[in-house]
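Have the model open beside you as you read.

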Amino acid sequence: MSDFLLETKNLTVRFGGLTAVEGLDFQVKKGQIVGLIGPNGAGKTTVFNMITGVIPPTEGEIFFKGSGIVGVRPDRIARRGLSRTFQNIRLFEKISALENIVITLQREPGYSLVEAFLRTKKVREIDTEIQKRAYDYLELVGLREYADSVAGSLPYGLQRRLEIARALATEPELLLLDEPAAGMNNEECDSLIDLIRNIHEKKGITIVLIEHHTDVVVNLSDEIYVLNLGKLLAHGDPHAVQTNEDVIRAYLGQGRKNK
Amino acid sequence: MACSCVAAHLFHGGDFGMSVVIQQIVTGLSIGGVYALLAVGYALIYSVFDFSNFAFGCVMMVSAFVAYYSILAGCSVAMGIALAIAVGILFSVFIELIAYRPLRKKNTSRLFLMITGIGIDMAVTNTAVNLLGANYRPFPNVSVTEPIMMGNIAVGKIDIIALIVSLVALGILWVFLEKTKPGLAIRASAYDTSTAGIMGINVNQVSIIVFVISGVVAAIAGIFFGMKYAIYPSMGTVSTKAFIASVIGGLGNLEGAVIGGIILGLLETFVSGYISSTYRDLFSYGLLILVLLFMPGGLLAKSKSDKL
Amino acid sequence: MQYFGSVLTLAGINMIMVIGLAVLVGYTGLFSMGHAGFMMIGAYTAVIFYKYLGVPFAVCILLSGVFSVIIGLVIGYPTMRSRLTGDQFAIAMMGFGEAIRMIVSNTEPVFNGALGISGFPKLTSLWVVTLLVALGLILMFNFIKSAYGKNCIAVREQEIAAEIMGVDIVKTKVIALAVSAFYVGVGGALFAFYMTFISPAMIAASKSSDLLAGVVFGGMGSISGPAIAGGALAILPEILRAFSTWRLVIYGVLFVVVMLFKPEGLLGYREISFKPVIRFFGRLFGKKTAAESVKTDNRNGGDADE
């Protein structure tokens, strides 16, 4: 039993001949905000995919709250208290923002199929309560007024916020945010930083953050891991990482190709 | 299924000696070869675009009818077959251009692509039923049913031809995919369509080539099926076997499709010979369920890429 | 008048089956061309229990649904569990539909092979069907509004995200298949007891296409749309003979057109307001209620709560 909330040991995955992530040891303590950065193609999202159970690692182990989660189904991992957002937003596009949250809150129905068909009093009560809670989550990310808007039609920045709200609705202990600031301007970034800090402090949720906006990562993270070509390049507090020569080189070398 | 009754004629039971076993293996391989061809035509599209082309069967049927009517109209058999292949190509590409491509551009779900494919199949098959009648027609001017004696083993001429042609066609396709530039482009697209686009591969060109190949194999399979059994509007349902063979072999895997097709051909022949031709297809579906139960990825699963 | 009644009865039976399939195809996004198989199972189950075992009609109807569900689980669970693509499921369902037809057509004892079974009374009346359509609709609306129904939507919309949010994908899909099997099975039983005679040829593979047409035209992600379309599509061939011959061609072409230009179908992801459906149920076939369609009111969670 370790004192880490999340820990990977020798995490490795290969697709065909390509090694996307190699021998990664990654640790997150409860209550931290950890940044995961690196040039495009460094394997950051792949790490998230393995942690959430979508892609099985070729080698290595992943421990969440002290128990191994390699081979556990994604929905079971989620129910243990791990949630995430997606780099290329994956909302339930064609339904309302509110319904997006409602679905997530109701992922475990809490009543039987027969009760569902009969729509018993219990079902109706749970429904009403869930609706209320769903509004609270929208409120938290500042989307209450968009409750009835179709999720896919919201502006990009708001979709990212809705994804965060949806992830929070699973009541996670650990939240993985995959480029939450992508496509946002400075002002939006600032309010996102506030939001993430707010979530972290008020809800006591541990956060791992993949982000290209240096401001956002440096501002928020207690600790930063730098990946390059699937391998751990550096790790430490934001200041140490920023002045690390390997990191500077990796980013400069990639700089021109980066958008 | 309609074809089962015809297949039953080939096996009269009684003598279950070694020669009969060999004869059945040859028949099974020839049916398997045709299934393998169909399965490859289906798997190729699946591997590149990740959707099931359920309009595949009607291309096969239309091609077979083209051969049938052109030979009846006085064309030579070779000419009829050539015309059938040409129409198979045109029709297959036509479906891609008017239906699938516009849908893929809109990034629709694969469910919509499946419904579109079924829609095309329904429209074409039932038009043929209404205009041409649902009855069975023997393939004209070709007598391929008489057996060839090899020692004391009698093997259907059609089986030998089908087996050879399938093998040759599969061989050519393999060389094309492995050794040529467009083949490489197809394999790259199969690995990851979006990345292939970035790598400068023209996905639209790849799609045309893939649908051309699929049209050719559908036509060849249709002709053999017509020669061995009969030509009729609903003969396209045989493509279900191609789907099953593909799932058995591993959806989207070409080698798997060939292996799956051959396994299915052998299984059906032996079931027809030793158990009952009536329940032949039932064993195919049973095998499908068993594979899904115990080897959900199929015999050779397509390697998953990081497509999140 | 009697003719009118019989057309309406058939329309009602079709409605029950189409809304069943709508849960699977429209709500959950799974494709099936094999649901004629469930219709067959339902029809034969009811007839066999009634004729050979003397079970009361009402119980037979229920049993036909239950049997369809059981067989649906046998076929569906392995494909769902494998968590691969919807394509495998679609192919397995095609095989399933064929297999059921083949088994029934070739089994002489009990099923009486291709000749089928006759010699049982006409117990499916317009009133029975009307009652069951109403009941079926109410229960179905309750289902889709429930957490179970919402999970179906999540799977359709974004399977990977749904799973990572903790939705049990396998269970959700299996439930959707079971619900659709139940409805289609019951429809098959009603059909048999309407015709007073049942044979494999009466439930051809094209029946699966007919059911699918109801869902596609009525709207993917709607129950009321498919209900209306299901009723209308059962009536049209009765009044237009030429339509009956060419209907599958027309459906096929329309499938392509709808997918290209309006994939969400007639009503799309909306429901007709629930109350008028009940209130004006008798007039539902008139389709006038479609004009009153309202957007689902998310804030109140619909109006059936009161």
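Is the crossing of α2(B) and α11(B) right-handed or left-handed? The crossing is right-handed, a word used when the near helix is turned clockwise from the far one, by less than a right angle, with anticlockwise giving a left-handed crossing. This is a predicted model, where local features need pLDDT of at least 70 and side-chain atom pairs count only at pLDDT 80 or more, while totals for chains, interfaces and linings use all residues. Residues are numbered from 1 along each chain as its sequence is written, chains are lettered from A and ligands numbered from 1 in the order in which they are written, and side-chain values use heavy atoms, leaving out hydrogens and water.

**The helix pair in chain B**

Helix α2 (residues 18-49) and helix α11 (residues 254-274) of chain B have axes that come within 6 Å and cross at roughly 140°. Axes here are lines fitted to C-alpha atoms over the stretch in contact, with angles running from 0 to 180 degrees between N-to-C directions. Helices (H or I, at least four residues) and strands (E, at least two) are DSSP runs, numbered from the N terminus. The contact of α2(B) with α11(B) involves 19 nonpolar, nine polar and one charged residue.

**Where chain C meets chain B**

Contact means heavy atoms within 4.5 Å. Chain C brings 45 residues to this contact and chain B brings 43 residues. About 3700 Å² is buried between chain C and chain B, with 78% of that from carbon and sulfur atoms; buried area is the accessible area (1.4 Å probe) lost when two parts are put together, summed over both.

One salt bridge is found across this interface, and α4(C) supplies the largest share of chain C's side, 13 residues. That side divides into 30 nonpolar, 12 polar and three charged residues.

**Salt bridges**

A salt bridge is a side-chain nitrogen of Lys or Arg within 4 Å of a carboxyl oxygen of Asp or Glu.

| Pair | N to O distance |
|---|---|
| B:Arg110 and C:Asp87 | 3.0 Å |
| A:Lys30 and A:Glu173 | 3.8 Å |

The pair of A:Lys30 and A:Glu173 links distant parts of the chain, 143 residues apart.

**Two positive phi values**

Most residues other than glycine have a negative phi. A:Glu171 has a positive phi near 50° and sits in the loop between α6 (156-169) and β7 (174-178) of chain A. B:Asp50 has a positive phi of about 60°, and its place is the loop between α2 and α3 (56-72) of chain B.

Technical notes
Ala, Val, Leu, Ile, Met, Phe, Trp, Tyr, Cys and Pro count as nonpolar, Asp, Glu, Lys and Arg as charged, and the others, Gly among them, as polar.
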